[in-house]
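Reader: I would like to learn how to read a structure like this one. Where do we begin?

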2 protein chains.
Amino acid sequence: MKAAYIEKTNAPLNIKETELPVSTSAMKLVKVTCAGLNHRDLWIQKGKYAGIKLPLIPGSDLTGHIDNQKVIVNPAFYWGDNPSCQSKDFEILGLPSSGSIAEYTLVPKENIYPAPEHLDDIQSAGLPLAGLTAYRALFIKAKVKAGEKVFITGIGGGVALFALQFCLAIGCTVYVSSSSLDKINRAISLGAKGGVNYNNENWENEMLEMSQGIDVVIDGAAGSNFGKFFKMMNYGGRISLYGGTQGNIEKISPQILFWKQLSIFGSTMGSPLDFENMLALVSNHKIVPVIDSIFGLNQINDAFERMNNGLQFGKIIIQITES
Amino acid sequence: MKAAYIEKTNAPLNIKETELPVSTSAMKLVKVTCAGLNHRDLWIQKGKYAGIKLPLIPGSDLTGHIDNQKVIVNPAFYWGDNPSCQSKDFEILGLPSSGSIAEYTLVPKENIYPAPEHLDDIQSAGLPLAGLTAYRALFIKAKVKAGEKVFITGIGGGVALFALQFCLAIGCTVYVSSSSLDKINRAISLGAKGGVNYNNENWENEMLEMSQGIDVVIDGAAGSNFGKFFKMMNYGGRISLYGGTQGNIEKISPQILFWKQLSIFGSTMGSPLDFENMLALVSNHKIVPVIDSIFGLNQINDAFERMNNGLQFGKIIIQITES
């Protein structure tokens, strides 16, 4: 079979022929039609991820077929029995196991689910990792409720867009941030009420004025902007953090944190139940993942380059075979 | 009546004669036998608190009498209907309203409770503010459970000591920190399993080795030590923060926060239900507040000086009248 390989960090990927993996009693072989790209794949390619072992087939998202059934895969393997955190055996598809940017991939059979019926192969390949992450951050951690005001940073990223769609589905008012006016406008066309450019000085004052107070923040950036959330937040507000693209959190005020009874939740991926509930939400509300662009397997380095430039609005998809 | 007055910030308090306040349909006059000191009183005297209006009678804690019944007062006034945070009307006894370091004080009648029967006037005067704060931080925010390992910073402070006693009562294993070996040893004599000096380099490694992983941190300091909690914490761990004596939180790693599924809860004071549940816990387990020292009303500046020097282990009590 053909597969994309990271053979060296900070170097282009190579498409190579490799042996077809073999199903076992625990692991099933899935024929991949479309794979989805995530920031995780880019971090691995850049060598900025724990436990990298090369060569590696990257990719955590896919739509595939098994026995003519269209399936998707929960990329969170071996979560374990504790809903509040993953077990020591926990893995994510695509490191250390071979990932989805290949003609076939091997996954634990309990991680295989029927793809949502209202989605085509390209759309459903964008859903698993980012949808799961957004679901847990919003509903298990921040426990967002209908009618609340939610601020989602870095709109355009996969998790941020699912967070937007999920919040709109349950009846929240959503505000966004981006460094791109175009992305803010696209989010507004999807249903966001407004947005701010996080590079503006005092963007937090703009957001406070626009929203009159935020109940929930969904953030994947951290960095120096994180402490600025506090000012715009309502008493009892919650922040869910699922990433750290902007580095360490600096300078947060303990007095505002405790006086406003704020909570900060670290969140990553999700349990099997979270994945099932996410699929149910997506199916019930006929949510369609936002697709940024589609590349062929031979264009894999163009796809990585697009993510590296941060230009995407929605999921970048690698079409492996025609469905 | 006699009362202690802060008339100028950063100046000694004065004991002055003033008019007896008058009960209304909403407010009851309580004859104070003992008042308890809190860091809040010291911050107000130093001018480091929001909304200071002088002159002011400070004090948030008391044991008193009404019609020959021994009472204590929930110092959290006008919490409101939302259990997750205080209302806009919220106040704490002792600012802006006149506080408890006086022969009499006026409080909302719904904030008055019978004093726990197993405590004398001195002991029960130490309970309200710190007991309430510890209760909410532990049980409403961090949701600490029997069998968990809890790390309590700055042992010797009122909230920290109640957190220690409450955790031991429900069956947790408790570790502490202090800059004083004497305070660590006193905490161990109360039932803590061990402790570290937070001024040691790599104290977080000592605590990790000693505890083999912490589930819950109760912290009132914040500052540069805050980010060091993450390393010693178990997956799914929770931090409750109720104060910020060491200033801004600096340099926390988003990656550890989300990967370990950690939560950080700001917590202050508590709801009426929290206060009632705290009293029930104290009564059921016959918990006796740790008293550091007892001063007369005329020694009020010595009492403030003792707190300012940070030498106390337990509550500093001002005895107003013999009970």
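Author: We begin with a term. Buried area is the accessible area, taken with a 1.4 Å probe, that two parts lose on being put together, summed over both. Keep in mind that this is a predicted model.

Reader: How much area is buried between chain B and chain A?

Author: About 2,800 Å² is buried between the two chains, and carbon and sulfur atoms give 59% of that. On the side of chain B, the residues B:F258, B:W259 and B:Q261 supply 22% of the area that the chain buries against chain A, more than any other three residues.

Reader: How many residues does each chain bring to the contact?

Author: Chain A brings 36 residues and chain B brings 36 residues.

Reader: Which elements of chain B give two or more residues to the side that touches chain A?

Author: They are α3 (128-141), β14 (233-241), α8 (254-259) and β15 (263-266) of chain B. Of the elements, α8(B) gives the most, with 5 residues. By type, the residues on this side of chain B divide into 18 nonpolar, 14 polar and 4 charged.

Reader: How many salt bridges are there between chain B and chain A, and how many residue pairs are in polar contact?

Author: The salt bridges between the two chains number 0. The polar contacts across the interface come to 20 residue pairs, both residues being at pLDDT 80 or more.

Reader: What does β15 of chain A pair with?

Author: Strand β15 (residues 263-266) of chain A pairs with β15(B) in the antiparallel sense, over 3 bridges. Within that pairing, A:F265 has B:S263 as its bridge partner.

Reader: Now for chain A by itself. How many helices and strands does it have?

Author: Chain A has 10 helices and 17 strands. Its radius of gyration is 19 Å, close to the 20 Å that the globule rule gives for 323 residues, so chain A is as compact as a globular protein of that length. Taken along the principal axes, its C-alpha atoms fill a box of roughly 60 × 40 × 35 Å.

Reader: How should I read a pair of strands in chain A?

Author: Start with the general idea: in a regular strand the side chains alternate between the two faces of the sheet. Then look for the partners. β4(A) and strand β5 (residues 69-73) of chain A pair in the antiparallel sense over 4 bridges, with A:T63 opposite A:I72. The hairpin of these two strands has 2 residues between them, and A:D67 takes a positive phi near 50 degrees there. β5(A) also pairs with strand β9 (residues 112-114) of chain A, in the antiparallel sense over 3 bridges; here A:V71 has A:P114 as its bridge partner.

Reader: What should I look for in the backbone angles?

Author: Most residues other than glycine have a negative phi, and most peptide bonds are trans. B:K143 has a phi near 50 degrees, a positive value in a residue other than glycine, and is found in the loop between α3 and β10 (149-152) of chain B.

Reader: Which peptide bond in chain A is cis, with omega near -5 degrees?

Author: The bond from A:L54 to A:P55. A:P55 is found in the loop between α1 (39-45) and β4 (61-66) of chain A. In chain B, a cis peptide bond joins B:L54 and B:P55, with omega about -5 degrees.

Reader: Which residue forms a salt bridge with A:D274?

Author: A:R136 does, and the closest N and O atoms are 2.7 Å apart. The pair links distant parts of the chain, with A:D274 in helix α9 (residues 272-284) and A:R136 in helix α3 (residues 128-141), 138 residues apart.

Technical notes: Residues are numbered from 1 along each chain as its sequence is written. Chains are lettered from A and ligands numbered from 1 in the order in which they are written. This is a predicted model: local features need pLDDT of at least 70, side-chain atom pairs count only at pLDDT 80 or more; totals for chains, interfaces and linings use all residues. Side-chain values use heavy atoms; hydrogens and water are left out. Contact means heavy atoms within 4.5 Å. A salt bridge is a side-chain nitrogen of Lys or Arg within 4 Å of a carboxyl oxygen of Asp or Glu. A polar contact is a pair of N or O atoms within 3.5 Å; within protein, one must be able to donate a hydrogen and the other to accept it, and residues adjacent in sequence count only if both atoms are side-chain atoms. Ala, Val, Leu, Ile, Met, Phe, Trp, Tyr, Cys and Pro count as nonpolar, Asp, Glu, Lys and Arg as charged, and the others, Gly among them, as polar. Two strands pair if DSSP finds at least two bridges between them. The radius of gyration is taken over C-alpha atoms; the globule rule is 2.2 Å times the number of residues to the power 0.38.
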